Amino acid sequence: MLMDRECICKIRDIYRNIAAFEALLQRQLQLNINEAMLLCVVSERENISSGEIAEEMNLTPSNASKVIASLEKKSLIKRKTCKDDKRCMRFSITKAGKELLSHFTCDSLQLPETLQSLTTK
């Protein structure tokens, strides 16, 4: 099955817009796109495990661990050891993380037009 050129060009444009959006996130909030998405995931699912985070974000456990560590260093998420198994870690958003997340609006971040059409309800 061959993909038509128009389809792949549209996908290229989406990737370009996502890259532009990530640069904007970095400038305005000092977060990369994976950090922003992980913060969103943890805000939606309190006490989530690193494995669940990796699965939710479609990241390898190693990559998820790096993003988790970055957000912990910025004090945006915190870890808690499970009561029954001290090897088990669960993550939740901090007050600072909630505050930063409150700035995540498509309007305030000036979402590129191509992405606006995909995110409007």
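Colleague: Which does Glu-44 count as, buried or exposed?

Modeller: This is a predicted model, where local features need pLDDT of at least 70, side-chain atom pairs count only at pLDDT 80 or more, and totals for chains, interfaces and linings use all residues. Numbering starts from 1 along each chain as its sequence is written, and side-chain values use heavy atoms, leaving out hydrogens and water. Buried is under 20% relative accessible area, exposed over 50% and partly exposed in between, using a 1.4 Å probe and protein chains only. Glu-44 has 59% relative accessibility, so it counts as exposed.

Colleague: And how far apart in space are Glu-44 and Ile-93, C-alpha to C-alpha?

Modeller: Glu-44 belongs to helix H2. In sequence, 49 residues separate Glu-44 from Ile-93. Their C-alpha atoms, though, are apart by 9.2 Å.

Colleague: What about Glu-35, is that one buried or exposed?

Modeller: Glu-35 also lies in helix H2, which covers residues 33–44. Neighbours within four places aside, Glu-35 is in contact (heavy atoms within 4.5 Å) with Gln-30, Val-67, Ser-70, Leu-71 and Lys-74. Its relative accessibility is 6%, so Glu-35 counts as buried.

Colleague: Zooming out, in what order do the elements of the chain run from the N terminus on?

Modeller: Helices (H or I, at least four residues) and strands (E, at least two) are DSSP runs, numbered from the N terminus. The chain has six helices and three strands. Read from the N terminus, the order is α-α-β-α-α-β-β-α-α.

Colleague: What share of the chain's residues count as buried?

Modeller: The chain exposes about 8600 Å², and carbon and sulfur atoms supply 53% of that; the areas come from the Shrake-Rupley method with a 1.4 Å probe, and for residues only the protein chains shown count as cover. Out of 121 residues, the buried share is 31%.

Colleague: How do H2 and H3 lie, given the angle at which they cross?

Modeller: Their axes come within 11 Å and cross at roughly 120°; axes are lines fitted to C-alpha atoms, for helices over the stretch in contact, with angles from 0 to 180 degrees between N-to-C directions. Under 35 degrees is roughly parallel, over 145 roughly antiparallel, 65 to 115 roughly perpendicular and the rest oblique. Therefore H2 and H3 are oblique.

Colleague: Which residues of H3 make the contact with H2?

Modeller: On the H2 side, the residues are Asn-34, Met-37, Leu-38, Val-41 and Val-42. Val-42 touches residues including Ile-48, Ile-53 and Phe-91, not counting those up to four places away. From H3, the contact is made by Ile-53, Glu-56 and Met-57.

Colleague: What is the phi of Asn-47?

Modeller: Asn-47 sits in the loop between H2 and strand S1 (48–49) and is partly exposed at 34% relative accessible area. Most residues other than glycine have a negative phi. Asn-47 is not a glycine, yet its phi is positive, about 60°.
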